[in-house]
Structures are given as C-alpha cells and as structure tokens.
Amino acid sequence: MGQGGWKGLCLSLFDYKTEKYVIAKNKKVGLLYRLLQLSILLYLVVWVFMVKKGYQDTDTSLQSAVITKVKGVAFTNTSELGERLWDVADYVIPPQGENVFFVVTNLIVTPNQRQDTCAESEHIPNAECSEDSDCRPGEAVIAGNGVKTGRCLQAGSTAKGTCEIFAWCPVEAKSKPAKLLLGEAEEFTVYIKNSIRFPKFNFSKTNVLNTQNSSFLKTCRFDLNNLYCPIFRLGSIVRWAGSNFQEMALEGGVIGIQIEWDCDLDKAPSECNPHYSFSRLDNKFAEKSVSSGYNFRFAKYYRDTAGVEFRTLMKAYGIRFAFLSLFQAGKFSIIPTVINVGSGVALMGAGAFFCDLVLIYFIKKSHFYRGKKYEEVRGREVGDPLAESSRRGGAWEAEDAEGPGPGGPQGLEQSSREEPEGQRSGLPERPGVQDGGGGRKGDGYVCQQLLEGCAQPARSGHLGKGKLNVEQLQNLQTVET
C-alpha cells in the first residue's frame, strides 16, 4: 500500500456514516408504532422506576439478630402435680431461643417412673398378644415404650392381652389431653427485639423506640399505631394469625412471625419502618387431623433415699413461635439507572423492528414499501465509456486545432457564440452533421458543440439540460462513428 493509500485510510477514520430513513405514510403502521412506544415508555416509567425502583442499588447482605423474652406466671392444681406455680423457667423451652421459642400450654404428666417390667399400653398395636409366642424376647415394640420380655400379660378374662416390656414403668397412659392446663398463657407477653444493619450503606436500625423512659417497655403494647413497641401479647399474636388461642393451646400449634424491612434510603431514616405479619404454619383444621397440634416429651430426673433413679415424664403441648426476617434496602445509583434506561431504548428499537416487519411483509402494499426501503443496485460499467469518450474528444480537438481556415478552435468558438441558446444546449441532429461537409472537421465541430452545450446550462443555472449522462455519451460515440 502506497503513501496515498495509507493517507486515505487514516482520513477515513474521521468519516461519519448515518442511516437513511424512509417515511411511510401509513396510518395503521404509524398508530401501531406509537402504541408500542407508549407501552414501552409506561413499562419503563411505572413498573421499572416507580414500582421496582430500578434507579436504586440494593443491599440484601444484611446483618440481623432477634432476641426474645417471655413474661407471665400461672397457677395449676392437678392430681399428678398437685398445686404448682408456673413461671418463665417452667413453660419456655428453650430459655434462650434465637429465631424460635416454645410456650407450654398443656401437659400429660406421668410421675414416678422407674426402670422395671410392666405391661405395654393397650393403644400400641404391635404390643397386642394372645400367647407368649407372640412376644419375642428382646424385640422392641414399634412406636412403643420398651423391649419385649417374652411374656403375654392377659388383661382380665379377655382372650387378648399386651406384651410385657422392660421400660420406664408405669408407661404413659393418656394419648391426648382432655382439658387445657395453662389457659392463662393467653395473657403472657413476649419481648421481640429485632436489630438490622445494611453494611453496603452503613445503615442500622432496631424495632425498639429510642427513648430514655425506663417505664416505656413495662407499659406499652404493640399495635398497628405503635410499631416501635416490642411487647406482644400471645393471645393477640394468635388472633392476628386467624386462630383462637384456647382452641389452639389445647393440642398446640405453630405460629410464624414475619418481620419485613423494606427501606428506601433516599428518604429520611424515619421512613424505614418494620412491617409485621402473622400466620399459622401447622394445619389450620387441627381438630379434624390425626397429626394436629405440636407436642414433645421431656423428663425431670430424681434419686430416692436408696439411690435409685426415677423420673417424672411430661408430654408438653404448646405453641411454637418461629421468626422469619425479610430485609431489603435501596439507594440511588447511576449504574442501574443507566442500565435500565438503556434497556428501554433497546426495547424502542425492537418496536421499530417489529413495525418494519409488519410494513414490508404483512400489509397489502408490502411490496411497494419493501421496494422503497430496500434499493436494488444493478452492476453497470459507466466509467469505461466516459473515459473512452473523453479520450476521443481530446483527439478531435487536437485535429481541429491543426486544420486551416476558420474551422480552427477560434472559429468554432465564435460560431458557437453566434448560434441561438436552444440550438447549442442540445445534441445536433445526425442529418445536419452529414450535410455539414463531413470529414473530421465536421465531427470535431459537432463534438465541440456537444461539450459546450453540456457545460453551458450549468453556468446559466438550468438543471437537467447540462447533465452528461450515459445516453449522451453513447450518442457521442455514434456521431464519432
């Protein structure tokens, strides 16, 4: 590549190329295009920016902690336990739960159990027997309380009995409680403290009111108008979950407490508030289900004066409170804003592309618009005849300049000036050329007239007459021949 080629390549780097647009006067396609533009604009403004806040950078890697503390006392008097006062240490399990805690509301107590042999419960199907061979020694009772000893103990005069087992005797007799033990638990309160922190934005907050009043937590109760009081009544929580506390406490259940923080940090920190929602997570139709409620067993162990260990078995029914935290914070950032605006602009281009498809393929005059949009160019050699005619015209002028008399260049120039404008602007007719005397001199005169006639209108400002096209060049070649 020569020096001129490198120079042209460098100069082409500064060229600017733009598209050519075709305006289609079609009302249907134009209306479709505007509707698409309006839909994309509404989607971008309403959904992306107003609803989803696409102009914000979000932080979901938060740091959170939940602290719970239950308060309340209850008094009971039963045949198994006698008179007893229940406080937090008795009915809250575990004492320090992070995201869950359990409140005992009912009990089945089996006192003074010792490791011994006794009859298995009649409610266990695998323990039924009619003879000793039905009780294989050393076999554990499925869903039972101990290991079979090989003896079948008859219950009175009945033909069937239960296998003897080695277990903590006597075994638990009742399967479900008949009445509610801790009905007063409805008035118990729970202190729920939730602290959050968004490290990306260095923002932290808690659901407890920032006050120096020491009596605030002792007197306040949470409601929708007092979001920053963390003291919740258990009966109210169950009611907000859509259940009745006395019915649920009989056989137990599970309550979900959801705390949601959706903070717009472009606003004041006081606008970032917690939102609570309560729902029952176990079967709502507890009284109609064989697996209703929530319960578990635990025991308290003792030793008598002889050093023999015994225990009190408790089957606890109650309400399990589980916490679910949802957190999100957003703040304006130029990066997501530019990305979403760019996506909207790209959708605008997709709308134009769809309208182009409709315009050139799916309407009645699609072939007409397709022809206007896509210009077909057929290859045709124009440069060679032009160069050939220029060379031939130069040769004629040289020959005419050497000829004698007034046929030289000066005589031609003078005669062309004296002729009228209409005759000089067009091509001379072929018969006139033949009557002019023939020879190269006549041909040179015609060529001179032709060239001056093509150039003269350009100087006078008349468009159309001074255009040198392929047809005139062909006529020029014909005249030469």
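Biologist: Which residues line the largest cavity?
Modeller: This is a predicted model. In it, Arg84, Trp86, Asp90, Val104, Leu107, Phe298, Lys300 and Met314 line the largest cavity.
Biologist: Which strands each supply at least two residues of that lining?
Modeller: Strand S4 (82-86), strand S6 (100-119) and strand S15 (295-303) do.
Biologist: And how many nonpolar, polar and charged residues are in the lining?
Modeller: The lining has 5 nonpolar and 3 charged residues, and no polar ones.
Biologist: What volume does the largest cavity have?
Modeller: About 40 Å³. The search of the whole structure finds 1 cavity of 30 Å³ or more.
Biologist: OK, cysteines now. How many disulfides does the search find?
Modeller: It finds 5 disulfides. One of them is formed by Cys118 and Cys169, with sulfur atoms 2.0 Å apart. Cys118 lies in strand S6 and Cys169 in strand S9, so this pair ties together parts that are 51 residues apart in sequence.
Biologist: Is Cys169 buried or exposed?
Modeller: Cys169 is buried, because its relative accessibility is 10% and the cut-off for buried is under 20%. Cys118 is buried as well, at 15%.
Biologist: What about Cys129, which cysteine does it pair with?
Modeller: Cys129 forms a disulfide with Cys152. The torsion about the S-S bond is about 95 degrees, so this disulfide is right-handed. Cys129 sits in strand S7 and Cys152 in strand S8, 23 residues apart.
Biologist: And where does Cys263 link to?
Modeller: A disulfide joins Cys263 to Cys272, 1.8 Å from S to S. Both Cys263 and Cys272 are buried.

Key. Residues numbered from 1 in each chain as written. Predicted model: local features only at pLDDT ≥ 70, side-chain atom pairs only at ≥ 80, totals over all residues. Heavy atoms only, no water. 1 Å grid on protein atoms, 1.4 Å probe; cavity = no way out; pocket = protein on both sides within 12 Å on 5 of 7 lines; lining within 4 Å. Points joined across faces, edges and corners; volume = space filled by probe spheres on them. Helix = DSSP H or I, 4+ residues; strand = E, 2+ residues; numbered from the N terminus. Nonpolar A, V, L, I, M, F, W, Y, C, P; charged D, E, K, R; others polar. Disulfide = S-S within 2.5 Å. Buried < 20%, exposed > 50% of the residue type's maximum accessible area, 1.4 Å probe, protein only.
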